[in-house]
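Reader: I'd like to go through this one slowly, starting with the charged side chains. Could you set out any cut-off you rely on before we begin?

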Amino acid sequence: MAQQNTDMLDGLQAAVLADAQKKQAENKKEYEFDPLAMYFGEDFYVAGIKIVQPKIYDILDMGESKFYSGLSPILYNSTSIRVMLWDAQIDWCKIHDIEVFNILNKIPSFDFSAMRLIFPDYKIEKMQLMNIKLPDSDTSELCLYDKDQDFILKESEYNQIAEYVRSILNIHPKIEMAKGKITKEWMIDEDRMNAAQRTDKESSTLLPLVSACVNHPGFKYKLQELRQMGICEFMDSVQRLQVYESSRALMAGSYSGFCDVSKIPREQFNFMRELYA
């Protein structure tokens with residue numbers, strides 16, 4: 001009986017995960033950014049708010065941990081903080097990213113230095129979440145409002161900002177939703193167990209990537225030159241090297257005869273293929 005319950009929960013979780021991944025893919029298609037402009041580190045504007053792409057040295061000077069934690073209100077979604085929400089009796093499946101931004105923004109003594117790096121001309125963190133009836137709508141909707149400048153940022157505009165920042169940093173938080181209370185409690189318990197098993201040792205997100213690239217024979221930048229790279233350009237290089245190595249491995253396998261490549265799409269052999277498709 002216990003095994004049947006476990007199998008049922010696994011099935012329910014698989015279903016909700018598949019549905020969430022589908023919705024995440026649809027959301028990404030909604031916002032189309034110019035990948036070439038992103039690669040060259042061009043500034044990007046949403047509703048007049050300028051978004052500046054940081055360089056590696058910006059993150060080094062600030063400190064990697066401080067940089068990523070300072071952008072957590074934008075980088076996180078409800079799944080990212082669902083244990084915190086659940087403990088506050090908030091169902092993470094029923095709130096939007098713009099609400100997550102508002103919740104994390106209110107944490108006392110939060111360091112907004114990273115926000116100043118990304119948004120140098122505007123303090124987006126001072127905006128407050130409100131239900132506002134817009135001129136082109138018959139109903140009210142969630143917005144961020146700056147009362148000092150009487151400026152409204154619609155939820156769709158906020159989502160565009162969040163998706164752009166996540167894209168240049170190559171950070172896309174997973175989406176895990178659930179429909180039943182039992183499944184939700186099971187997912188929360190799993191998160192608690194995973195958190196209990198983690199060590200307090202601080203790890204680096206960028207160091208393994210930097211080390212791998214610098215020690216790869218096909219990477220042209222030396223360590224000190226790497227400091228000047230935009231974060232999007234660097235993340236592109238990481239992905240391109242992975243594609244290059246996988247393509248070479250497929251080519252070697254096809255020529256050696258030890259690998260059946262008949263069912264592998266021909267595009268997988270092209271290391272110059274589109275990364276963002």
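Author: Buried here means under 20% relative accessible area, and please keep in mind that this is a predicted model. Glu176 has a relative accessible area of 11%, so Glu176 is buried.

Reader: OK, and which residue forms a salt bridge with Glu176?

Author: Lys174 does, with the closest N and O atoms 3.6 Å apart.

Reader: How far apart are N and O between Arg82 and Asp191?

Author: The side chains of Arg82 and Asp191 meet in a salt bridge at 2.4 Å, N to O. Arg82 lies in helix H6 and Asp191 in helix H10, so the pair ties together parts that are 109 residues apart in sequence.

Reader: Is Arg82 buried or exposed? And what about Asp191?

Author: Arg82 counts as buried at 1% relative accessibility, and Asp191 counts as buried too, at 16%.

Reader: Switching topic, how many bridges join S4 to S5?

Author: Four bridges join these strands, which run antiparallel, and Tyr145 stands opposite Ile152 in S5. The two strands form a hairpin with four residues between them, and Asp150 in the turn has a positive phi of about 50 degrees.

Reader: Which residues of S5 are on the covered face?

Author: Phe151 and Leu153 make up the covered face of S5, whereas Ile152 and Lys154 lie on the uncovered one.

Terms used:
Residues numbered from 1 in each chain as written. Predicted model: local features only at pLDDT ≥ 70, side-chain atom pairs only at ≥ 80, totals over all residues. Heavy atoms only, no water. Buried < 20%, exposed > 50% of the residue type's maximum accessible area, 1.4 Å probe, protein only. Pairing = 2+ DSSP bridges. Salt bridge = Lys/Arg side-chain N within 4 Å of Asp/Glu carboxyl O.
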